[in-house]
Amino acid sequence: MQPTADFDPARLARSLLRRSRQGALATLMPKTGDPYCSLVNVASHPDGSPILLLSRLAVHTRNLLADPRVSLMLDERAEGDPLEGSRIMLAGRAEQAEGDAAALLRRRYLAAHPSAEAFVEFKDFSFFRIAPSATHLVAGFGRIVDLRPEQFLTDLAGTEGWLEAEAEAVEHMNEAHRDAMDLYATRLLGAESADWRCIGCDPEGMDMQAGKRTLRLEFPERVRNAAELRKMLVRLAGDARAKR
């Protein structure tokens with residue numbers, strides 16, 4: 001089924017990956033190959049791929065350690081009939097993170113799920129990233145599309161030093177510019193005023209959260225380093241203040 005002319009499937013898939021906080025994880029039972037599905041909390045890597053914090057005591061973790069092939073269903077949690085909302089099924093391989101990679105996943109995950117701080121140090125817990133191989137997007141009649149990873153993941157090439165700058169930028173925005181965060185949310189994205197926090201930036205946009213509510217602020221153009229990020233955030237704050 002072909003999408004309609006006003007539909008941008010890649011943009012919608014990226015938004016769902018960035019905004020989703022829970023999803024249904026499907027793994028394979030080692031002895032039988034039977035599918036096993038469970039509810040998991042989700043955060044996003046700077047490239048948009050899903051991050052999971054999993055316990056080895058859980059069946060789904062034992063399954064994916066034996067066979068890393070997984071799928072993850074994410075939806076926008078629309079009111080009313082959930083089948084009328086947009087959703088994606090992402091297929092890929094679950095990769096356990098170590099060292100610096102684990103530190104990055106930890107920071108991003110705890111920004112989205114601060115309550116996990118209470119158990120993240122437990123020895124049976126580890127961070128995993130799903131490396132996508134494909135996704136199937138369903139967004140209503142005439143809006144069903146299969147996408148390749150390069151169509152919905154954020155390209156991090158040419159952004160050397162970005163990850164270090166991102167951590168500093170997130171901390172700075174939350175400590176010194178909460179008023180700007182509220183302006184982004186209310187005047188640029190049409191959301192209600194709330195205690196909006198920055199939980200992550202990437203070359204294409206910023207992710208914000210207030211309680212269980214999430215927003216995605218897309219940048220008008222790609223930013224590649226800390227200096228460009230600062231200029232972009234100042235520019236968007238100016239745009240928000242000028243908008244009534």
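1. Across which strands does helix α3 lie? Helix α3 (residues 99-112) lies across β9 and β10, and runs at about 145 degrees to β9. Helices (H or I, at least four residues) and strands (E, at least two) are DSSP runs, numbered from the N terminus; axes are lines fitted to C-alpha atoms, for helices over the stretch in contact, and angles run from 0 to 180 degrees between N-to-C directions.

2. On the basis of the values, please keep in mind that this is a predicted model, in which local features need pLDDT of at least 70 and side-chain atom pairs count only at pLDDT 80 or more, while totals for chains, interfaces and linings use all residues. Residues are numbered from 1 along each chain as its sequence is written, and side-chain values use heavy atoms, with hydrogens and water left out.

3. The sheet that contains β9 is open and has 3 strands in the order β9-β10-β11, with antiparallel pairing; two strands are taken to pair if DSSP finds at least two bridges between them. Its edge strands, each pairing on one side only, are β9 (197-202) and β11 (213-218), and the twist from one strand to the next averages 20 degrees. Between β9 and strand β10 (residues 205-210) there are 5 bridges in the antiparallel sense, and R197 has Q209 in β10 as its bridge partner. Helix α1 (residues 9-19) packs on this sheet and touches β9, β10 and β11, its direction making about 135 degrees with that of β11.

4. How do helices α6 and α7 pack, and at what angle? Helix α6 (residues 178-188) packs against helix α7 (residues 226-242) at an angle of about 55 degrees, with the axes 9 Å apart. The two helices are therefore oblique to each other, given that angles under 35 degrees count as roughly parallel, over 145 as roughly antiparallel, 65 to 115 as roughly perpendicular and the rest as oblique. The residues in contact (heavy atoms within 4.5 Å) are D179, L183, Y184, R187 and L188 from α6, and L233, L236, A237, D239, A240 and R241 from α7.

5. Strand β1 (residues 22-28) and strand β2 (residues 35-41) run antiparallel and are joined by 7 bridges, with L28 having P35 of β2 as its bridge partner. The hairpin of β1 and β2 has 6 residues between the strands, and G33 there takes a positive phi near 80 degrees. A second hairpin is formed by β3 and β4, with 5 residues between them and, in the turn, G48 at a positive phi of about 100 degrees.

6. How many of the residues of β4 are buried? The count is 6 of its 6 residues, where buried means under 20% relative accessible area, exposed over 50% and partly exposed in between (1.4 Å probe, protein chains only). P50, L52 and L54 point one way from β4, whereas I51, L53 and S55 point the other way, and all are buried. In a regular strand the side chains alternate between the two faces of the sheet.

7. S55, located in strand β4 (residues 50-55), is buried with a relative accessible area of 12%. A polar atom of the S55 side chain lies 3.1 Å from the backbone nitrogen of L57. With its neighbours within four places in sequence left aside, S55 is in contact with T61, D124 and F125.

8. H60 belongs to helix α2 (residues 59-66) and is buried, its relative accessible area being 11%. The side chains of H60 and S38 are joined by a polar contact of 2.7 Å, a polar contact being a pair of N or O atoms within 3.5 Å, where within protein one must be able to donate a hydrogen and the other to accept it, and residues adjacent in sequence count only if both atoms are side-chain atoms. Apart from neighbours within four places in sequence, H60 is in contact with L25, T27, Y36, S38, V40 and L54.

9. G142 sits in the loop between β7 and β8 (144-147) and is buried, with a relative accessible area of 6%. G142 and F7 are 135 residues apart in sequence, and their C-alpha atoms are 9.4 Å apart in space.
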